[in-house]
Amino acid sequence: GSNFGGLCFPYIGAKLRGEAKKAIRVVAVEPASCPSLTKGKYAYDFGDTAQKTPLVKSHTLGHTFMPPPTHSGGLRYHAMAPLISHLKELGELEAEAIPQLECFQAGSLFAATEGIVPAPEANHAVAGAIRAAKAAKDGEVVLFNLCGHGHFDMAAWTSYNEGKLTDYDFPEAEVAMALAGIPLVEGQN
């Protein structure tokens, strides 16, 4: 959330202050296998599985959530950054979950055209930007954040290139199980 926030917060701030020169659409892209913003609950939860941190309000899949073993695209945390979550609740940003293979395909295209191998987690932003660019009207600008290169996670790229990665859409039954572990806080829905 910090790279994404660093990119979009100034634009959202300008919009909220009435200083934006154009209408903006902010989209957070996350893995379909770790869908905290798109399937998580906006609630107070622990930041760790050991339940040692203070409760933090954010979109969460529950502190017991574990990503599937097939997930190689980074972004494995059970919750989203609190400020990102709050902005989604206010309607200032949207979220979409994209399957891992589409993300790696987008990252591969980006590497072939731009000469930069994206980090697996950055592939989500690349895939979201490609989707947005395909849907954009003339004159619309698509801005995205390539937050890291993939040189330190070549194992994920090797798995992708060898056809070993698979898509995993976090099933609703597993979402319900993960959400069941969120602590009850008085006054929270």
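**Entry 1: terms before looking**

I call a residue buried when its relative accessible area is under 20%, exposed when it is over 50%, and partly exposed in between. I also kept in mind that this is a predicted model.

**Entry 2: Lys 164 and its partner**

Lys 164 forms a salt bridge with Glu 162, and their closest N and O atoms are 2.9 Å apart. I looked up Glu 162 as well and found it partly exposed, at 49% relative accessibility.

**Entry 3: the other salt bridges**

How many salt bridges does the count come to? I noted seven.

I picked out the one between the side chains of Glu 94 and Arg 25, with 2.9 Å from N to O. Glu 94 lies in strand 4 (residues 94–98), while Arg 25 sits in the loop between helix 1 and strand 1 (27–31), so this pair ties together parts that are 69 residues apart in sequence. Glu 94 is partly exposed at 36% relative accessibility, and Arg 25 is exposed with a relative accessible area of 58%.

Next I turned to Arg 131, which has a salt bridge to Glu 102 with 2.8 Å between the closest N and O atoms. This pair also links distant parts of the chain: Arg 131 belongs to helix 5 (residues 122–135) and Glu 102 to helix 4 (residues 100–114), 29 residues apart. I found Arg 131 partly exposed at 31% relative accessibility, and Glu 102 partly exposed with a relative accessible area of 25%.

Which residues are linked with Arg 131 in a network of salt bridges? I wrote down Glu 96 and Glu 102.

**Entry 4: cysteines**

I searched the whole structure for disulfides and got zero. Cys 147 is in no disulfide either, as its nearest cysteine sulfur, that of Cys 103, is 12 Å away.

Is Cys 103 buried or exposed? I have it as buried, at 1% relative accessibility. Cys 147 is partly exposed, with a relative accessible area of 35%.

I followed up on Tyr 11, which is found in helix 1 (residues 2–16). Tyr 11 is partly exposed, with a relative accessible area of 43%.

Key:
Residues numbered from 1 in each chain as written. Predicted model: local features only at pLDDT ≥ 70, side-chain atom pairs only at ≥ 80, totals over all residues. Heavy atoms only, no water. Disulfide = S-S within 2.5 Å. Buried < 20%, exposed > 50% of the residue type's maximum accessible area, 1.4 Å probe, protein only. Helix = DSSP H or I, 4+ residues; strand = E, 2+ residues; numbered from the N terminus. Salt bridge = Lys/Arg side-chain N within 4 Å of Asp/Glu carboxyl O.
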